[in-house]
Every structure is written in C-alpha cells, then in structure tokens.
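Colleague: Can you walk me through this one? I would like to start with the side chains.
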Amino acid sequence: MKKIIVLILFVSLGCSDSEDNSNGLMMNKIVGDWKLVGYYDDEEDPETGLNYHTVENGFETTFRQNKTFETTFIPSGTYSGKFNIANDSILTFNYTTTPSGISNPERFKILILNDNVLEYVAPGAIFGPQLRLERINNP
C-alpha cells in the first residue's frame, strides 16, 4: 500500500514539474514581437477554398521577459498589461487599460508556438477564430 501511495505521489509531482517546465519554455519562446497575419474560422474563403483568411494591417504584440505585453491595434491604439502562460498552454492577457469590446482578463489556448508562428484560440471555441501571428522581431 505504501508503494502505491509513493508511486502516485511521485507521478503527480512529476506531471506538475513537467507542466511547469513546458510553460516556462513557452514563456521564453513567446518573448519578442509578433504580428497578426491571418485567422481560421468556419467560413470558406471563396478565392482559396480554405478556412484561412489573411489579414492586412493586423495588430502587433510585443511580449517581454518580465511578463508584460503591449498590443497595438490599428487604428484604435496601443494597450498594455501583464501576461502569463499556465494550465496546459493557456495564455492570459491582463490589460492595464481594456480595449473596447475585449474582456479582461482575456484567455486563449496556445495551439502552435515555435520560432516563427504563434496560433491560439479562445478555450471552448468550436469554430475559431483561431488567430495566426508571425514573429517580426526576435529579442
């Protein structure tokens, strides 16, 4: 019985550390400047036949190592605050000043994060929009 309890404790601690390490790696990887280049939704683009749509003049977001961010929406202005990645890749924005029509805090599930692409969607969303950002500057 003691072996089972020790094993369960070991496994649960191991998973927690793994998740913390994964979120830490994501925090490091997200630092830099990103620009919205497109989104996916349930509407088919008549020109391409795909559910991916490009965006001209998409917003730009800078994620900093100190867990602050700044997002510039064209033409409505620049907003900033703190961000965090936790709980299985959930990206949370806590705005200092909340843009009109955006809930605070705002949460997204990160689907892809690599050196050049960041894709995320609101948790629980059945049909996007899934936003696609591309890196424009590496720190």
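Colleague: Which residues is Phe93 in contact with, leaving aside its neighbours within four places in sequence?

Modeller: Phe63, Phe69, Lys82, Asn104, Pro105, Glu106, Phe108 and Tyr120. Contact means heavy atoms within 4.5 Å. This is a predicted model, where local features need pLDDT of at least 70 and side-chain atom pairs count only at pLDDT 80 or more, while totals for chains, interfaces and linings use all residues. Residues are numbered from 1 along each chain as its sequence is written, and side-chain values use heavy atoms, with hydrogens and water left out.

Colleague: How many aromatic pairs does a search of the whole structure find?

Modeller: Ten. Rings of Phe, Tyr and Trp (its six-membered ring) pair if their centres lie within 6.5 Å; planes under 30 degrees apart are stacked, over 60 edge-to-face, the rest tilted. With centres 4.9 Å apart and planes at 75°, Phe63 and Phe83 are therefore edge-to-face.

Colleague: Where do Phe63 and Phe83 lie?

Modeller: Phe63 is in strand E3 (residues 60-63) and Phe83 in strand E5, so their pair ties together parts 20 residues apart in sequence. Strands here are DSSP runs of at least two residues, numbered from the N terminus.

Colleague: And how are Phe63 and Phe93 paired, stacked or tilted?

Modeller: Tilted, at 5.9 Å centre to centre and 35° between the planes. Phe93 lies in strand E6, so this pair ties strand E3 to a part 30 residues away in sequence.

Colleague: Are Phe63 and Phe93 buried or exposed?

Modeller: Both are buried, meaning under 20% relative accessible area with a 1.4 Å probe, protein chains only; exposed is over 50%, and partly exposed is in between.

Colleague: Which residues do the ring pairs link into a cluster?

Modeller: Phe63, Phe69, Phe83, Phe93, Tyr95, Phe108 and Tyr120.

How values were computed:
Helices (H or I, at least four residues) and strands (E, at least two) are DSSP runs, numbered from the N terminus.
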